Amino acid sequence: MESKLAGAHLTIDLAALKANYRLLARTAAPAECAAAVKANAYGLGIERVGPALFEAGCRRFFVALPAEGITLRKLLPDAKIHILAGLLPETEPAYLEYRLDPVLNSLNDLRLWADFATRRGPLPALLHLDTGMTRLGLLETDIRRLAADPALLENIEVEFVMSHLSCADDADNPMNRQQLERLRHFRALLPEKLKNTPVSFANSAGIFLGPEYHFDMVRPGIALYGGNPHAGAPNPMQEVVRLRGRILQVQDVDSESPVGYGATFRTGEPSRIASVSVGYADGYFRALGNKAECAIKDIKVPVVGRVSMDIITIDVSTVPEGDCQVGGFVDLIGGAVPLDELAAHADTIPYEILTSLGSRYYREYLEGTG
Ligand SMILES: *Cc1c(COP(=O)(O)O)cnc(C)c1O
């Protein structure tokens, strides 16, 4: 799409993405640094993000689903690709064909893969232990059952034993240490064959909990894409995503002028209101109405009234008229409008903002030099 035909421009800085990968890899070293690239690389586009991370040195990738793994395999013939969902029914041959390693989340997954491996193996896999999420992974009773029946593992090469932290973004949460202790306890219960298998535990936030949490391999996602891995502390990551919307119209209005659907906002004084070409159909959440801020040349301006499907209205009374012209751009994400701040205004997390980024944007990727 030609840039002038779009209402908003999304810029994805691949140099910043690579710099973030290198910072995380340095912080986690000597543990290996993998990358979580599920959901189309958190909405940023797997076609460009996958190869850029590979160039930065990443050799191991996590996606949610086998279909995502197949897309990634075509982009990265030499990468290790792990499927977090485990095995979906009757997908074993696809895993083999595209060299996708399932994360075995249950004894049922293990039995299916073992059965397939007896005929086609030996086959690689990761084994997921649930240390406190009650979501995916083996619980203590499952681990004890596995220890009593180690023949299940005969044709499976478990590359990593892994678990996932539920509260790592809150460094002081006692859940972090409880999960760490449970992981050590579970490891000791594993069959002899798996007692010295390498371990993976930390997501982005887990990396910053310290070396005890690193083990042999870490799996950052959001921090690669510029999200703050610690709630309430300065963000050490570089900004990757920038979103700018175009001004469609500027109106000078009196006080008491109603703005937008439902007339939920009325100007308190004579004001200048600009309409910008982005809306909830683009992933600019409706919850941001009367809450979020945008910026023009680093001057913060409030979103007033509801977010429409294709349009938001902002109060630009404080912006010099010359900086606020039809066809000009307003910063929606990035620069003076940090991703984490926008997420907080929508009562959500940066993950949801990124994975909801719309398909109508003109997308531009900035190439890195490194
Ligand atoms: C998504 C995911 C990650 C990455 O988490 P971030 O918080 O984005 O760093 C790591 N491990 C698992 C199991 C995941 O599902």
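This is a predicted model: local features need pLDDT of at least 70, side-chain atom pairs count only at pLDDT 80 or more; totals for chains, interfaces and linings use all residues.
A residue is called buried when its relative accessible area is under 20%, exposed when over 50%, and partly exposed in between (1.4 Å probe, protein chains only).

Residues are numbered from 1 along each chain as its sequence is written, and side-chain values use heavy atoms, with hydrogens and water left out.

Now for the salt bridges. The rule asks for a side-chain nitrogen of Lys or Arg within 4 Å of a carboxyl oxygen of Asp or Glu, and it gives 20 salt bridges here.

| Pair | N to O distance |
|---|---|
| Glu 159 and Arg 60 | 3.6 Å |
| Lys 300 and Glu 341 | 2.9 Å |
| Arg 360 and Asp 310 | 2.9 Å |

Let's start with Glu 159 and Arg 60, which are joined by a salt bridge. This pair ties together distant parts of the chain, 99 residues apart: Glu 159 sits in strand 8 (residues 156-162) and Arg 60 in strand 4 (residues 60-63). Strands here are DSSP runs (E, at least two residues), helices are H or I runs of at least four, and both are numbered from the N terminus. Glu 159 and Arg 60 are both buried.

What about Lys 300, buried or partly exposed? Lys 300 counts as partly exposed because its relative accessibility is 29%. Its partner Glu 341 is partly exposed too, at 25%.
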